[in-house]
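Please look over the sequence and the structure before reading on.

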Amino acid sequence: MSENPSIKETLDFEERIVLSEWSHRNCSVAEYQKMHGDSLAKFENFWASIANELEWFKPFEKVLEPGEYPNVYKWFVGGRLNLSYLCLDRHVKTHRKNKIAIIWEGEPAKSSNEPLEVRQISYYELWRLVNRVAYLMRHKLGLKKGDRIALYMPMIPELPVLMLAAARLGVIFTQVFSGFSSEALSARVNDLGARYLFTTDGYYRRGNIIRTKDIADKAIKDCPTVEKIVVIRRIGLTDINIDNNRDVFFDELLKDVPYNVYVEPEQLESTDALYVIYTSGTTGKPKGIIRDTGGYAVILNATMKWIFDITDEDIYWCTADIGWVTGHSYIVFGPLMSGATTLIFEGAPDYPEPDRWWSIIERYGVTIFYTSPTAVRAFMRLSPDYVKKHDLSTIRLIHSVGEPINPSAWKWLFELIGNKRCPVGSTWWMTETGGILISHTPGLKLVPLKPGTNGPPLPGIEVEVLDEEGKPVKSGVKGYLVIKKPWPGMPGPPTGMWGEPERYNEVYFSRFGYFFTGDYAIKDNDGYVWVLGRSDEVLKVAGHRIGTYELESTLVAHPYVAEAAVVGVPDEIKGEVPIAYVVLKTGVNPGPNIQTELKKWIREKIGAIADPKNIFVVSRLPKTRSGKIMRRVVKALALGKPVGDITTLEDESAVEEIKAAYEALAKELEAAKKT
Ligand code: WT7
């Protein structure tokens, strides 16, 4: 973090803000605490009553039951439902039939003479299309419940359509972020054993065409389970490689599917898997988190109301990419289940002009805005005039997600975007949780806003902050954040992590016996949680999770590299960025471009999001006598901080070298500042 959101600093900041805007909401911490206490005391009844707000094909018989593997739970056992039904069929029977479900805006051309590409899809149209695509999947591709598919899709309406069509059939999908490389893609496709890979010819970003099909072609060489690539023509590229035995065009498959087909939504078990989403951890291999159907639907439905205060009048915009869990939950399934209008945009926040986002808010009259601190910090560097020239008065509620929000970013959202009228929250959750678990709850109108905090745990959610020994710390003391009780939306049956029940248990439950989030946090006297950042070897780069070990193992896989140490250092915009130190193999002569070569290697193996800020070649890394890399020392050195106790260090010259690398870089940055 550029500004550490220390509790003291942010509290002082709070005192400076007049919170009268909120007082009309009858806020009371005591009232909230009572309600929260009651929800935990009657835990199962509480969640049953929330779950009963949904429409079930068959009511559940039991709220919660242990699964076959340790720490895997079954929620709403015996209940049957379908998310495509809840997102579509339910609404088309009501006044929402002709309401806009999705507003989509393609990336604008640089020259303003070209018309903007916009699609506004009503609930009825979306329902029709999803039925046709579900039909296509079932009858032309032979997909059935329990089969797996992979989506490598950019931000176009076909992505939610594919997700909803798969959900309709009970086909388990994994959506791989379109910025991932071919190798990251094939690793995920193989882990899941996907039968089909859906992708586009390409998509637009910052005026360029990203050729997704080329990347998919490369990935698929190592994917024996994939029968076909289904290509959605986003651009109409004529020069993509087409293998007639393996590739099919989506529009050609869809062409003769009648407009009025109806595919009965599968009556899925609450415990059936909806999707698998891969996320980084502390080892090299990404973790495939299984998402159930019933628990997930319940947490999304509840949080859309409690946190986003969603109503029929809202134009709701979450600026994430659908490739991340934020997009799965709060662009697609959550808002559509609520019958809201959800906005999707293709492209980048600052292209063709740095005011693209504010222009979107103005043009569509966005009322609820869900974004990230990283995006805010990037905008803060630019002139506020980009914001001020647009009318943002429709906005009534703002939340952020992905990392702690630093005071100046909070203030910027509150003052400049919300014009001091709107609550600004920082919703805490993670890929594993499925939905938001710690947040202010404007929809419940009960909790006073405390800037910079995540807020109290939601009703029905019990969290605790523990010390090393697993004992709860006092309020105001930093410790490890755990979730004490199971929650709807948690990693689902059968194994929590796809194919890896032992790893699921080891990663999350072995340390404290409760679900360990990996985060440091503080609980204050009001029971508000302040998540401070990761306590493990996971970095949050621009809000995205990158495991240092994942980067290190990618680096040592390069033919020149013998050893690597990767640490995170603060970055003004991205919050944190990786820096790598590598030791080359003896005898190799890499030439002067080794850094560029290694950066390129990482882009190929993982994707641009993992690109280290710097890669330093050193002759040795600080190690203990038993040969373990002393990451603590590397990290201190990378930050230009004192290294502390290094009596266990094998060779002190390693320290000097990294120190020198740091100093050289600091000098370089200083010089760059002056020019
Ligand atoms: C990690 C999870 C699911 C949201 C997108 C990120 C950090 C997330 C906050 C917040 C402080 C936050 C935590 C968490 N995080 N939201 N509001 N305040 N930290 O999902 O990639 O699975 O990352 O993001 O460190 O563990 P993710």
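The model is predicted. The notes start with a charge over a ring: the charged end of Arg-188 sits over the ring of Phe-180, at 4.4 Å from the ring centre.

**Charges over rings**
- Phe-180 carries the charged end of Arg-188 over its ring.
- Tyr-520 has Lys-478 over its face, and the distance to the ring centre is 4.1 Å.

**Aromatic pairs**
- A pair of aromatic rings is described by the distance of the centres and the angle of the planes.
- The count of aromatic pairs comes to 46.
- Tyr-480 and Phe-512 form a tilted pair, with 5.7 Å from centre to centre and 35° between the planes.
- This pair links distant parts of the chain, as Tyr-480 is in strand β22 (residues 479-483) and Phe-512 is in the loop between α17 (501-509) and β23 (515-523), 32 residues apart.
- Both Tyr-480 and Phe-512 are buried.

**An aromatic cluster**
- One aromatic cluster is formed by Phe-43, Phe-46, Trp-47, Trp-56, Phe-60, Trp-75, Phe-76 and Trp-306.

**Helices α4 and α11**
- Two packed helices are described by the angle between their axes and the distance between the axes.
- Helix α4 (residues 43-51) and helix α11 (residues 294-306) have axes that come within 9 Å and cross at roughly 80°.
- On the α4 side the contact is made by Phe-46, Trp-47, Ile-50 and Ala-51, and on the α11 side by Val-298, Ile-299, Ala-302 and Trp-306.
- The contact of α4 with α11 has eight nonpolar residues, no polar ones and no charged ones.

Terms used:
Residues are numbered from 1 along each chain as its sequence is written. This is a predicted model: local features need pLDDT of at least 70, side-chain atom pairs count only at pLDDT 80 or more; totals for chains, interfaces and linings use all residues. Side-chain values use heavy atoms; hydrogens and water are left out. Rings of Phe, Tyr and Trp (its six-membered ring) pair if their centres lie within 6.5 Å; planes under 30 degrees apart count as stacked, over 60 as edge-to-face and the rest as tilted. Helices (H or I, at least four residues) and strands (E, at least two) are DSSP runs, numbered from the N terminus. Buried means under 20% relative accessible area, exposed over 50%, partly exposed in between (1.4 Å probe, protein chains only). A charge sits over a ring if NZ of Lys or CZ of Arg is within 6 Å of the ring centre and within 35 degrees of the ring normal. Axes are lines fitted to C-alpha atoms, for helices over the stretch in contact, and angles run from 0 to 180 degrees between N-to-C directions. Contact means heavy atoms within 4.5 Å. Ala, Val, Leu, Ile, Met, Phe, Trp, Tyr, Cys and Pro count as nonpolar, Asp, Glu, Lys and Arg as charged, and the others, Gly among them, as polar.
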